[in-house]
Protein chains: 2
Amino acid sequence: MSILAIVGAGLMGTATAWPLSDNGHQVRLVGTHLDTEIIQSCKENHYHPRLKRKLPEGVQPYFIDEIGEALRDAEIIISGVSSPGAHWIGRVIATHLQPGQKIIAVTKGLEATPDGELRLLPDVLYSELPTGLRDQVSLAAIGGPCIAGELAGRRPTHVVFASRSAEAVDALAQAFRTPYYRVRTTTDLLSLELSAALKNAYTLGVGLAAGLMEQAGGPDETGMIMDNLASALFAQGTLEIYHWLEVMGADPSFAHHLPGVGDLFVTVQGGRTVRLGRLLGMGKSFAEARQIMAGETLESAEIVAQIGIALPQMQARGQITPTDFPLLRLLVDLVVNGRRAGLPIERYLSILTV
Amino acid sequence: MSILAIVGAGLMGTATAWPLSDNGHQVRLVGTHLDTEIIQSCKENHYHPRLKRKLPEGVQPYFIDEIGEALRDAEIIISGVSSPGAHWIGRVIATHLQPGQKIIAVTKGLEATPDGELRLLPDVLYSELPTGLRDQVSLAAIGGPCIAGELAGRRPTHVVFASRSAEAVDALAQAFRTPYYRVRTTTDLLSLELSAALKNAYTLGVGLAAGLMEQAGGPDETGMIMDNLASALFAQGTLEIYHWLEVMGADPSFAHHLPGVGDLFVTVQGGRTVRLGRLLGMGKSFAEARQIMAGETLESAEIVAQIGIALPQMQARGQITPTDFPLLRLLVDLVVNGRRAGLPIERYLSILTV
């Protein structure tokens with residue numbers, strides 16, 4: 001039995017409390033400054049309003065100003081913040097970290113450096129830690145298809161943990177594994193994080209089909225929608241993930257495993273990323289869509305924006321050619337360059353290389 | 001402008017009439033003995049009752065006993081029969097074939113020979129043709145995500161045509177291509193047909209998740225279903241298609257293109273194959289599920305059964321190991337060996353290798 005601290009009381013971070021608690025661990029749930037109402041509810045009624053469930057017994061909620069107390073002697077720290085919070089959480093936990101602690105992130109994202117290198121979010125977090133401590137803590141990340149509410153409902157879920165340290169990832173997996181939460185492990189953090197981040201971008205791409213259909217007048221008189229187009233976009237996304245992994249020197253087989261196609265499939269089933277894709281497909285500008293979805297974290301758009309920074313520099317270095325990644329380039333046009341998706345729809349078929 | 005004949009007036013065969021007709025071709029639609037009512041309706045009202053649409057103008061309907069007239073001078077014959085009809089259509093058209101005709105099949109399936117080789121359906125059809133004619137006609141097949149009703153609604157659709165003859169496949173693609181029906185071509189018939197057939201089997205696998213959820217009591221109190229499990233099964237299916245292609249000496253990259261993951265994605269969106277998978281997941285025996293779906297062609301079950309014949313012999317020959325294809329082996333158990341899917345659900349996670 002260990003002490004574990006989850007930092008970030010959103011859906012995904014909090015959901016990990018179920019397997020951890022079922023394994024008999026002591027779980028501390030720390031809200032960020034955005035989670036004050038959630039933690040208030042947890043403290044008063046032991047109820048998480050976004051997951052719409054009582055927390056497992058024994059989970060202790062903490063406000064952000066109590067984080068020092070929450071992290072003390074925690075063997076494992078779960079980073080449950082969304083991608084814009086990667087720097088923040090690094091800085092916040094830095095002052096409390098103790099040697100030997102393990103950090104595992106549920107966040108998916110990429111950050112472009114000024115010279116167009118794409119950094120993984122665990123490495124962004126790592127860069128905020130004091131130099132002396134970096135070698136004394138280990139970093140890991142979670143990939144694979146996982147809707148948080150299903151995990152909190154103890155629904156069968158199959159994910160992959162990755163850390164560059166084999167020892168750390170095995171210890172982490174052991175802490176989390178339950179019969180309903182199956183954890184495979186890998187030391188290939190690069191491939192896992194790239195797949196997990198890219199699937200968010202390509203979910204936007206699949207979501208375009210629903211919006212383009214609406215822009216063209218909605219379902220037809222026999223009820224037909226545009227699943228053929230959505231499926232072609234899905235295949236293109238899978239292919240581009242495969243190709244990204246190759247270009248980045250990662251293992252392309254992740255594209256047809258849980259963190260690639262599995263996670264892409266589950267993300268396409270619903271949620272804010274496909275909703276954003278649909279709005280863009282309807283012909284809304286990104287600024288308009290952003291306003292319609294005010295208050296929601298749009299990690300997918302952030303990933304597209306970061307890749308949009310890296311793309312021209314990768315091309316200048318000869319890492320990629322101008323015809324690589326046509327679907328991602330379309331997304332950059334929509335999300336970054338202010339272009340609107342327009343009719344005729346057929347022209348979207350012609351960008352596909354799949 | 002050419003004359004083309006579609007044999008089989010089901011959904012998919014008939015839907016090809018739209019791009020062909022839009023390209024100015026003369027299209028003849030021949031119903032099989034199972035399509036008599038459909039052809040009656042087409043002759044009387046030019047209305048296809050299953051597609052719920054008027055046929056494009058100029059499409060000529062034919063009863064099966066008029067097939068000789070329909071095939072005469074047709075440059076292209078489209079085989080629109082389902083997989084159990086592959087022998088039948090070969091024998092039926094054999095007596096009418098003229099040298100130079102091209103045959104393209106929409107059917108997806110595999111047939112095991114008595115010694116456990118898996119044959120492609122176009123080759124099954126081919127084997128029924130008179131020896132003297134075989135070298136004078138060319139065979140092709142269509143793969144990739146295509147819901148027939150969407151194609152008939154001129155919704156954007158992206159598919160792949162394959163024929164071992166580059167010349168034939170280019171001519172075929174030219175006859176079919178429209179702005180809404182994009183056709184890529186390949187001479188790799190093996191990879192295309194394997195992917196297209198296998199995706200039917202694995203759609204059954206993904207469908208199991210919905211049934212297992214019902215067997216376990218349905219959506220939970222917060223509305224959570226089992227998309228995490230469905231997604232893990234989807235990833236496993238993609239991985240196994242990749243591995244099948246390797247084992248069969250085909251090109252595994254088809255797994256992450258239109259005929260693999262694209263077609264798997266669209267098939268999982270709905271229809272009889274996921275319905276059958278759901279029934280099996282609910283714990284129905286295949287015999288019970290078969291009865292519930294009486295009258296429906298279950299190509300997916302036929303493909304699983306054929307692979308079930310080939311598997312032990314492939315294993316005896318050392319082509320595959322006993323741990324290969326765990327999801328397909330589960331499907332063989334359910335469809336062929338009369339086993340029922342049972343609880344606890346968690347044990348289905350443990351069969352996955354993804």
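**View 1. The largest nonpolar core of this predicted model.** The core has 256 residues, and A:Phe161 and B:Phe161 have the most contacts inside it. A nonpolar core is a set of buried Ala, Val, Leu, Ile, Met, Phe, Trp, Tyr and Cys residues joined through C-beta atoms within 7 Å. Buried means that 20 or more other C-beta atoms, placed from the backbone, lie within 10 Å of the residue's own. In soluble globular proteins, nonpolar side chains tend to be buried together. The model is predicted, so local features need pLDDT of at least 70 and side-chain atom pairs count only at pLDDT 80 or more, while totals for chains, interfaces and linings use all residues. Residues are numbered from 1 along each chain as its sequence is written, and chains are lettered from A.

**View 2. The surroundings of A:Phe161.** Leaving aside neighbours within four places in sequence, A:Phe161 is in contact (C-beta atoms, placed from the backbone, within 7 Å) with A:Ile104, A:Ala140, A:Ile142, A:Val169, A:Leu172, A:Ala173, A:Val183 and A:Thr185.

**View 3. The two domains of chain A.** An automatic or database assignment gives domain 1 (3-187) and domain 2 (190-350). Their centres, taken over C-alpha atoms, are 27 Å apart. Domain 1 gives 24 residues to the contact and domain 2 gives 23.

**View 4. Confidence in chain A.** The average pLDDT, the predictor's confidence in each residue from 0 to 100, is 96 for chain A, and 100% of the residues score at least 70. For the complex, the predictor gives an ipTM of 0.97 and a pTM of 0.97.

How values were computed. Contact = placed C-beta atoms within 7 Å. Buried ≥ 20, exposed ≤ 12 C-beta atoms within 10 Å, placed from the backbone.
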